[in-house]
Amino acid sequence: QVQLLESGGGLVQAGGSLRLSCVASGRPFGLYGMGWFRQAPGKEREFVAAISPYGRTTYYADSVKGRFTISRDNAKNTGFLQMNSLKPEDTAVYYCAATNRVVSTNLGDMDYWGKGTLVTVSS
């Protein structure tokens, strides 16, 4: 029902910033909770941030709290992840996901996934 497409990944130096975008199509984006997850080479996919359908509630992994900000613009069917003070440990493929639940931080609750965008942070 929903297709997701991430963009904005790339190579940045430690301490730099990057903004990821996620464009949704097929259904109104405001019907879904949205989340960002990441997967480093050889590791399990992990939760990064989540936001409720109207943006009233947000959740962050402890590792990114205070550095990353999740937001959305439902009129444009787009979600965002602003990443500041990036560290080499943030290097991973970042995935946008949507859930039929109000909001969730669990991978298993996500119903739709994008194909990911690579973020590489150099030291």
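This is a predicted model: local features need pLDDT of at least 70, side-chain atom pairs count only at pLDDT 80 or more; totals for chains, interfaces and linings use all residues.
## Starting at T69

Leaving out neighbours within four places in sequence, T69 is in contact with Y60, F80, L81 and Q82, where contact means heavy atoms within 4.5 Å. T69 sits in strand 7; strands (E, at least two residues) and helices (H or I, at least four) are DSSP runs, numbered from the N terminus.

Residues are numbered from 1 along each chain as its sequence is written, and side-chain values use heavy atoms, with hydrogens and water left out.

## The whole protein

Which elements build this protein? It has eleven strands and zero helices. The radius of gyration is 13 Å, close to the 14 Å that the globule rule gives for 123 residues, so the protein is as compact as a globular protein of that length. That radius is taken over C-alpha atoms, and the globule rule is 2.2 Å times the number of residues to the power 0.38. Along its principal axes, the C-alpha trace spans about 40 × 25 × 25 Å.

Of the 123 residues, 43% count as buried. The accessible surface comes to about 6,400 Å², and 47% of it belongs to carbon and sulfur atoms; these areas come from the Shrake-Rupley method with a 1.4 Å probe, and for residues only the protein chains shown count as cover. Now take the contacts between residues at least 6 apart in sequence: 58% of them join residues at least 24 apart.

## Inside the core

The largest nonpolar core has 33 residues, and L4, W36, L81, M83 and Y94 touch the most other members. A nonpolar core is a set of buried Ala, Val, Leu, Ile, Met, Phe, Trp, Tyr and Cys residues joined through side-chain atoms within 4.5 Å. Several strands each supply at least two residues of this core, including strand 3 (18-25), strand 7 (68-73) and strand 8 (78-83).

Which residues does L4 meet, beyond its neighbours within four places in sequence? Its contacts include C22, F29, C96, Y112 and W113.

## Buried or exposed?

S21 lies in strand 3 and counts as buried, at 13% relative accessibility. Away from its neighbours within four places in sequence, S21 is in contact with L5, E6, S7, W36, T78, G79 and F80. G26 is in the loop between strand 3 and strand 4, and G26 is exposed, with a relative accessible area of 58%. Not counting residues up to four places away in sequence, G26 touches Q1 and Q3.

M110 is in a loop too, the one between strand 9 and strand 10 (112-113). Is M110 buried or exposed? M110 is buried, with a relative accessible area of 8%. Beyond residues up to four places away in sequence, M110 touches F37, A97, A98, T99 and S104. Take A97: it is 13 residues from M110 in sequence, and their C-alpha atoms are 6.1 Å apart.

## Two positive phi angles

Most residues other than glycine have a negative phi. Against that background, have a look at N77, which is not a glycine but has a positive phi of about 55 degrees. N77 is found in the loop between strand 7 and strand 8 and is partly exposed, with a relative accessible area of 25%.

Where is S85? It lies in the loop between strand 8 and strand 9. S85 is also a residue other than glycine with a positive phi, near 50 degrees. At 40% relative accessibility, S85 counts as partly exposed.

Key
Buried means under 20% relative accessible area, exposed over 50%, partly exposed in between (1.4 Å probe, protein chains only).
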